[in-house]
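Hello,

Here is the structure for your files. My notes follow below it.

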Amino acid sequence: MTATVEFTVESPGGPRTATVTYERRGQGEPLLLLHGIGHHWQAWEPVLSALSAERDVIAVDLPGFGASPALPDGMAYDLGSVVPVLAALCGKLGVDHPHVAGNSLGGLLALELGREKLVRSVTALSPAGFWTQAERRYAFGTLRGMRVAARAMPLPLIERLSRSEAGRSVLTSTIYAKPGRRTPESVVAETLALRGATGFEPTLSAGLTVRFLDDVPDVPVTVAWGTKDRLLLRRQGLRARDVIPGARLVRLPGCGHVPMNDDPAAVARVILDTSR
């Protein structure tokens, strides 16, 4: 079930009203799913059936992405603003200390939720924040290039490219190791989500100085990295293990930056194992 909810979140400028769209399926212990920059909750679609068989799954469109509107005026797209929004969302939905899994930007947010002890467990798939400055510049430059290309292409061209495996590779091979597995409809939808994301530029701006340097004690943490990640190179996973010495580091063979599409069974297994 897809729904949209308004709720109050405390900010340095006083209480603000935020609005978030989310998909909720299944039953069991709650599991919050957080996508990467420029994406939407549908990035998790390949693993939702497996996860919702054991968990009450809440897949979120982060503020300024997908169908969720931008953050209220005066709120930054940094960890200090977005994490309280997610905590307030959970409160509004009656969810206390969910498990959380996040990819890329969502992985960074998931780790910060764990550091703040707001969740029961954390699964971070290729999380942002463990880069060198050179690696960050490369990743941000690549993301900006994808955004420029998505905004430059007319919809008929996007739709035409999506109909062939080669065209889907042109549109999405930066983030998927197996872009041909994406359906034409999903490729069109995620290209339009990237094109229309109001939170894209302010999130990149907020990320210019972000590095995750703190441990996440007393919370089970798994960091998983695709062996074919072309955006955040897998050596960053070794840094994550150094920063979070209690974390389990898992390789996802043959997977790209958004591994849910490339190997849904492996990703679902990693998330469920962590949440158990």
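Which residue in S4 does Arg24 stand opposite? Arg24 faces Ile58 there. This is a predicted model, in which local features need pLDDT of at least 70 and side-chain atom pairs count only at pLDDT 80 or more, while totals for chains, interfaces and linings use all residues. Residues are numbered from 1 along each chain as its sequence is written, and side-chain values use heavy atoms, with hydrogens and water left out.

Sheet. Strands are DSSP runs (E, at least two residues), as are helices (H or I, at least four), both numbered from the N terminus. Eight strands form an open sheet with mixed pairing, in the order S1-S2-S4-S3-S5-S6-S7-S8. S1 (2-9) and S8 (248-252) are at the edges with a single partner strand each, so one side of each has no neighbour in the sheet; pairing takes at least two DSSP bridges between two strands. S2 (residues 16-25) and S4 (residues 55-61) run antiparallel and are joined by five bridges.

Ser121. This residue is in the loop between helix H3 (105-115) and strand S6 (122-125). Ser121 counts as buried because its relative accessibility is 2%; buried means under 20% relative accessible area, exposed over 50%, partly exposed in between (1.4 Å probe, protein chains only). Its side chain makes a polar contact with that of His99 (2.7 Å), that is, a pair of N or O atoms within 3.5 Å, where within protein one must be able to donate a hydrogen and the other to accept it, and residues adjacent in sequence count only if both atoms are side-chain atoms.

Regards
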